[in-house]
Amino acid sequence: MAGYFPYQGAITETDKLNQLIIDGNIGKLFELNRLEKEIAKFLQSPKRNMMITGDKYYEGQHDILNRKRMIIGEGGKKVEAPHLPNNKRVDNQYANLVDQKVNYLLAKPFTIETENKQYEEALKQVLNKRFRRLLRNTGEDSFNHGITYLHPYYDESGKMQFKRFPGYEILPFWLDSDHTQLVSALRIYTVIDYEYDREIEVMKVDHYTINGIKHYIWENGRLKPDVVDHSNYLTIETEIENENGEPELNVEFMNWERLPLIPFKANNKEIPLIQRVKNLQDAYNKILSNFENHMDEDTHNTIIVLENYDGQNLGEFRSNLAQYGAVKVRSSEGSRGDVRTLEITVNKDNYESILKLFKKAITENGRGYDAKDERMSNSPNQMNIQSMYLDIDLDADMMETEYQAAMEELLWFINQDLANKEIGDFENEEVNIIFNRDILINESEVIENLSKSTDLSVETRVAQHPYVKDVQLELKRKKQEQQEQMNLMDNYDATFNKLNGGGANGQE
């Protein structure tokens, strides 16, 4: 098979070169060498390490958990002091910040706005509750990694689905410096395999191109083709008649016209959120852990000053003090023995003040909001609420811009799927995906303002109403109520006319 090297022990560069010459594809060698260099750089890159750090910190695996208590030892060198308390406390402000920002923009169902009702219903079948959950999780990855990807594919039943690829698995090759269009991309991931009865980890590399996926295995810093070295994105099965007029299954392998990897970015620079707040989160954990360490160091809260101690060493002194509650001192040659103490107190107010400052810094640098803000007390008006949400709105605006562009790319694949299934050709239809933010509002104030906005259409006012979740459903209910009232009035008029007419005939 072209481009495939059967594994028979170690493969030398000469073996690869000979195989490529036989296949007539000498250019593949240079392509592999280039990919190998790019993969090696990517695996060790600070950018990828920061993505992995974002995941770890979100899960609570912070650097404080690896901390050791150090003291100055002999010769002025730092040495570990295992006898000292070494509390490792994690107050995960970062995870709270991520959840806050993701839920703010993506927790509420988005609105599909288009004039074509058939198209709207078709989109709702694809962009359903399962997809909304996927999009929310994609947002989580976007903040932890700076960028994540969705891959459209078909499941076994032929239904279009979307698979999420974390940012640290994807090495993208962009067409432009603004990172708006992908040429190709490598997915680098680890799977569990078995070598006889031994479990081993195998690092796989999938090269996504416009012509399908090339499959490799990463081993000792080199790429070697996988057992199946190439696959296509689409498999089309149709039933045809053979030469004998009998039905026969025909299988065609096809590819998308675009690369089926859709980037979803948290911001245009693809910067993970952890990069903004990691040092502040580490300092917060350190202060919290140090406070508990000082509380545990009860024997060190008091410094004992000894004069003419009647013993061998300080270790013996501490043992006698703990066991008997007393020590022996001596007086000799005019020198009087004594035991005095210097008290050291730990001021918890200092720690609380510092923790409060760091918490505020994490919130501000991460562009979140403090739900316990003073502006939220005493029935705040809408202006106070909007002021509190200013920072998180800035980040949400940036993320929404990136997500709108990504959704436009995703809709292209959905439109192709709908056309292939003969549901309809919607490629030129206008559609807006509106992200409804989960913002705290003064509901009574909003409702009152909407009732006064008579110059706006009913649909616009309904869309902004805090109690309405599905605009079209609410409009349908409103129309149904109006129709029922009209029918009731018609029945009343008919009954009234009938009674009046009957009365007149009776008089005649």
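Student: Which order do the strands of the open sheet of 3 strands take, and in what sense do they pair?
Tutor: This is a predicted model. In it, the order is S5-S4-S13, and the pairing is antiparallel.

Student: What makes S5 and S13 edge strands?
Tutor: Strand S5 (160–165) and strand S13 (262–265) each pair on one side only. Neighbouring strands of the sheet are turned by 30° against each other on average, direction ignored.

Student: Why is H6 called mostly covered?
Tutor: A residue is buried when its relative accessible area is under 20%. In H6, 12 of the 17 residues are buried, among them Phe131, Leu134, Leu135 and Thr138.

Student: What makes asparagine 128 a cap of H6?
Tutor: At the N-terminal end of H6, a side-chain oxygen of asparagine 128 lies 3.2 Å from the backbone nitrogen of arginine 130. The limit for a polar contact is 3.5 Å, so the value of 3.2 Å falls within the cut-off. Just after H6, glycine 146 takes a positive phi of about 90°.

Student: Which residues touch the most other members of the largest nonpolar core?
Tutor: Of its 72 residues, these are Leu127, Phe131, Phe264, Leu410, Ile414 and Phe435. Helix H11 (residues 390–420) gives the most to this core, with 12 residues.

Student: Which residues does phenylalanine 264 touch?
Tutor: Leaving aside residues up to four places away in sequence, its contacts include Leu135 and Thr138, Thr148 and Leu150, and Tyr403 and Leu410. Leu135 and Thr138 are buried residues of H6. A second, separate core has 13 residues, including Leu35, Leu171, Ile188 and Tyr216.

Student: Why does arginine 48 count as buried?
Tutor: The cut-off is under 20%. Arginine 48 has 14% relative accessibility and therefore counts as buried. Arginine 48 is found in helix H3 (residues 46–58) and touches Phe42, Leu43 and Tyr168, not counting residues up to four places away in sequence. Arginine 48 and leucine 171 are 123 residues apart in sequence, and their C-alpha atoms are 9.4 Å apart in space.

Student: How do you know that S9 and S10 pair?
Tutor: Strand S9 (residues 212–219) and strand S10 (residues 222–231) have 6 bridges in the antiparallel sense, and at least two are required, so they count as paired. Isoleucine 213 stands opposite serine 231 in S10. The hairpin has 2 residues between the strands, and asparagine 220 takes a positive phi near 55° there.

Student: How many helices and strands does the protein have?
Tutor: There are 14 helices and 16 strands. Buried residues make up 36% of the 508 residues.

How values were computed: Residues numbered from 1 in each chain as written. Predicted model: local features only at pLDDT ≥ 70, side-chain atom pairs only at ≥ 80, totals over all residues. Heavy atoms only, no water. Helix = DSSP H or I, 4+ residues; strand = E, 2+ residues; numbered from the N terminus. Axes fitted to C-alpha atoms, helices over the stretch in contact; angles between N-to-C directions. Core = buried A, V, L, I, M, F, W, Y, C linked by side-chain atoms within 4.5 Å. Buried < 20%, exposed > 50% of the residue type's maximum accessible area, 1.4 Å probe, protein only. Contact = heavy atoms within 4.5 Å. Polar contact = N/O pair within 3.5 Å; in protein donor to acceptor, adjacent residues only side chain to side chain.
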